[in-house]
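Good morning, and thank you for the time on the agenda. I would ask everyone to keep the structure open while I speak.

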Amino acid sequence: VLESVTVHNPENQSYLIAYKDSQLIVSSAKALQHCEELIQRYNRAEDTICLADSRPLPYQNVTNHVGKAVEDCMRAIIGVLLNLTNDNEWGSTKTGEQEGLIGTALNCVLQVPKFLPQEQRFDIRVLGLGLLINLVEYSARNRHCLVNMETSCSFDSFCLGEAEESISTSGQMAAVQALVQLFLERERAAQLAESQTDELIKEAPTAQHDQSGEWQETSGEIQWVSTEKPENAEEKEKKEEEEEELDLNKALQHAGKHMEDCIVASYTALLLGCLCQESPINVTTVRTYLPNGDFSIMTEMLKKFLSFMNLTCAVGTTGQKSISRVIEYLEHC
């Protein structure tokens, strides 16, 4: 209900931010941190439960039931906080002031997804990125807090080559470094998925001529004469149909993976761009971790994302304006 009444409703947002000295934000921040702890305990990715004293719980399905409830609770809390902080400096500042909240949001991007089933990881990661973007877009305090934070690299990071040894995948690292690494890996994964999809399309079988018969001239008339099918003809046709269906499914899977990687990379680029605004020091910090210190890889991804939004959303929304502003800023850095 709270999420519904705060969507695109500044009056309700302001009322709830101010209500009892921001009690809703205080409670939401504490609840989100508690959910982060529980999501690790009820690990649905590995179908195991971790208890401090190693006592097993009586029923294995407790993991799924409780873990799913915790995940749903996390989604709802982040949804409310997203609405209270969207294009709202007051809400962003109040939310960012809550102890540990920015770190929890960062963990939703980098660590929490590993405790969820594969098909749920994308959603919680994007929600975490969206919340971080809202928190830092209009709040210099929150930007300073995130830039000076240390964290672990993303759970699904892979080791990069020696040429990029400045980005480590072990131990603690700067939050900016971890986010740049996430962006670079998702951007590369999107390119790979796109090329694989293109290859599958190129290899698609061409339409076969009808070989069930042929036209023949008989007694001055042209008639279609069926030919006898070999014994294994039906099996061969069925096998070809199954292979075509398999190729189509592969193409759809690659297309879906490409879309997810593009969205994560775009949101991460937008977050990094927001951190750079009004801060030459942050610009230098982000540039340090980019290949050749070049922002063009980020701006190109954001331009593609903006084009996608222009096709699917009403022109002139807050999100599109933010992306355009970040692109313009980065191009002049």
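I shall begin with the overall figures, then turn to helix packing, salt bridges and a few individual residues.

The model is predicted, and for that reason local features are given where pLDDT is at least 70 and side-chain atom pairs count only at pLDDT 80 or more, while totals for chains, interfaces and linings use all residues. Residues are numbered from 1 along each chain as its sequence is written, and side-chain values use heavy atoms, with hydrogens and water left out.

First, the overall figures. The protein contains 13 helices and six strands; these are DSSP runs, H or I of at least four residues for helices and E of at least two for strands, numbered from the N terminus. Of its 333 residues, 42% are buried. Buried here means under 20% relative accessible area, exposed means over 50%, and partly exposed lies in between, using a 1.4 Å probe and protein chains only. Among contacts with a separation of 6 or more, 70% involve residues 24 or more positions apart, where contact means heavy atoms within 4.5 Å.

Let me now turn to helix packing. Two packed helices are described by the angle between their axes and the distance between the axes. Helix α6, residues 101–110, and helix α7, residues 118–137, have axes that come within 7 Å and cross at roughly 145°. The axes are lines fitted to C-alpha atoms, for helices over the stretch in contact, and angles run from 0 to 180 degrees between N-to-C directions. The crossing of α6 and α7 is left-handed, that is, the near helix is turned anticlockwise from the far one by less than a right angle, clockwise being right-handed. On the α6 side, the residues that make the contact include Leu-101, Ala-105 and Cys-108, and on the α7 side they include Ile-124, Gly-128 and Leu-132.

How many residues of α6 are buried? The count is 10 of the 10, so α6 is largely enclosed by the rest of the structure. The whole structure holds 10 of them, a salt bridge being a side-chain nitrogen of Lys or Arg within 4 Å of a carboxyl oxygen of Asp or Glu.

In one of them, the side chains of Arg-75 and Asp-123 meet at 3.5 Å, N to O. Arg-75 lies in helix α4, residues 61–85, and Asp-123 in helix α7, so this pair ties together parts that are 48 residues apart in sequence. Arg-75 is partly exposed at 21% relative accessibility, and Asp-123 is partly exposed at 31%. Both belong to a network of salt bridges that links Arg-44, Glu-71, Arg-75 and Asp-123.

Another salt bridge joins the side chains of Glu-137 and Arg-325, at 2.5 Å from N to O. This pair links distant parts of the chain, with Glu-137 in helix α7 and Arg-325 in helix α13, residues 318–331, 188 residues apart. Is Glu-137 buried or exposed? Glu-137 counts as buried, at 9% relative accessibility, whereas Arg-325 is partly exposed at 31%.

The remaining pair I wish to show is Glu-278 with Arg-143, a salt bridge of 3.6 Å, N to O. Glu-278 sits in the loop between α10 (233–276) and α11 (280–289), and Arg-143 in helix α8, residues 140–147, 135 residues apart. Glu-278 is exposed, with a relative accessible area of 70%, while Arg-143 is buried at 7%.

Finally, some individual residues. Glu-187 is located in helix α9, residues 175–202, and is buried at 9% relative accessibility. Which residues does Glu-187 touch, not counting those up to four places away in sequence? They are Ala-265, Ile-297 and Met-301. The C-alpha atoms of Glu-187 and Met-301 are separated by 7.8 Å, although the two residues are 114 residues apart along the chain.

Ser-92, in helix α5, residues 89–96, is buried at 0% relative accessibility. Neighbours within four places in sequence aside, Ser-92 is in contact with Thr-85, Asn-134, Leu-135 and Asn-142. Of these, Leu-135 also takes part in the α7 side of the contact with α6.
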